[in-house]
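Try each one yourself before reading its solution.

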Amino acid sequence: MDCPRWLPLESNPEVMNKFVNCLGMRQTWQFGDVYGLDPELLNMVPRPVAAVLLLFPVTEKYETFKQEEEEKLKGQPQEVSPDVYFVKQTIGNACGTIGLIHAVANNKAHLEFESDSALKKFIEQTSKMTPEERATFLEKDESIRVTHESSAQEGQTEAPSLDEKVNLHFIAFVNVGGQLYELDGRKPFPIVHGKTSADTFFEDAVNVCKIFMARDPQELRFTLIALSKDSY
């Protein structure tokens, strides 16, 4: 059976903010661009930062690394907190939406929602489910699918067709219980990247993103987006 496919979401903070706002998240926290990795550019990002999204190219080098990492961690599993909200990706091109869900669901305590928020309702209804059950639930969630479709068509660049192969992928980095987690719906489990704190989380996440970039030095198609407390 073919997995369902959605249009890919653009790595545009404006589109992402509209997406989560349409689903009932209040604008007290906002997604914004990280313009570069130099200290002065990182300092421009409003603090605190609750989540970092990384858009990166899925290259042969990355797929080889992913396979090796998976085999190694299956043999030596990491300790993952039961508080981490993780959802598998079973919908083609839905990695942007899954990245947003990971960013929001793992920061629910900090964020504010409208009383009828479809996103909050989805997170609460799926809180006790397995990552696979959440994926199936997402496939059936009309409010998120419809909002995704309209957001995907709103970006600045022309949205690709449903059949077009997209080789860029979104993942999220979050701090849960003082540990830095990489959440990628294409992987079987969350990846633990060591200790972090509310104060150091943004720099810690950026350092992991730099490792992704170093793995593919010829590639330029990396984008970082931070979920920050709105400072305006």
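**Exercise 1.** Is the crossing in which H1 passes H7 left-handed or right-handed?

Before you start: this is a predicted model, where local features need pLDDT of at least 70, side-chain atom pairs count only at pLDDT 80 or more, and totals for chains, interfaces and linings use all residues. Residues are numbered from 1 along each chain as its sequence is written, and side-chain values use heavy atoms, with hydrogens and water left out.

*Solution.* Find helix H1 (residues 13-22) and helix H7 (residues 142-152); helices are DSSP runs of H or I with at least four residues, strands are E runs of at least two, and both are numbered from the N terminus.
- Their axes come within 10 Å and cross at roughly 155° (lines fitted to C-alpha atoms, for helices over the stretch in contact; angles run from 0 to 180 degrees between N-to-C directions).
- That makes H1 roughly antiparallel to H7 (over 145 degrees).
- H1 passes H7 in a right-handed crossing (the near helix is turned clockwise from the far one by less than a right angle).
- Val 15, Phe 19 and Cys 22 of H1 meet Ile 144, Thr 147, His 148 and Ser 151 of H7 (contact: heavy atoms within 4.5 Å).

**Exercise 2.** In which order do the six strands of the open sheet run?

*Solution.* Read across the open sheet: E1-E6-E2-E3-E4-E5, with antiparallel pairing (two strands pair if DSSP finds at least two bridges between them).
- E1 (29-34) and E5 (191-195) are the edge strands, each pairing on one side only.
- From one strand to the next, the twist averages 25°.

Terms used:
Parallel < 35°, antiparallel > 145°, perpendicular 65-115°, else oblique.
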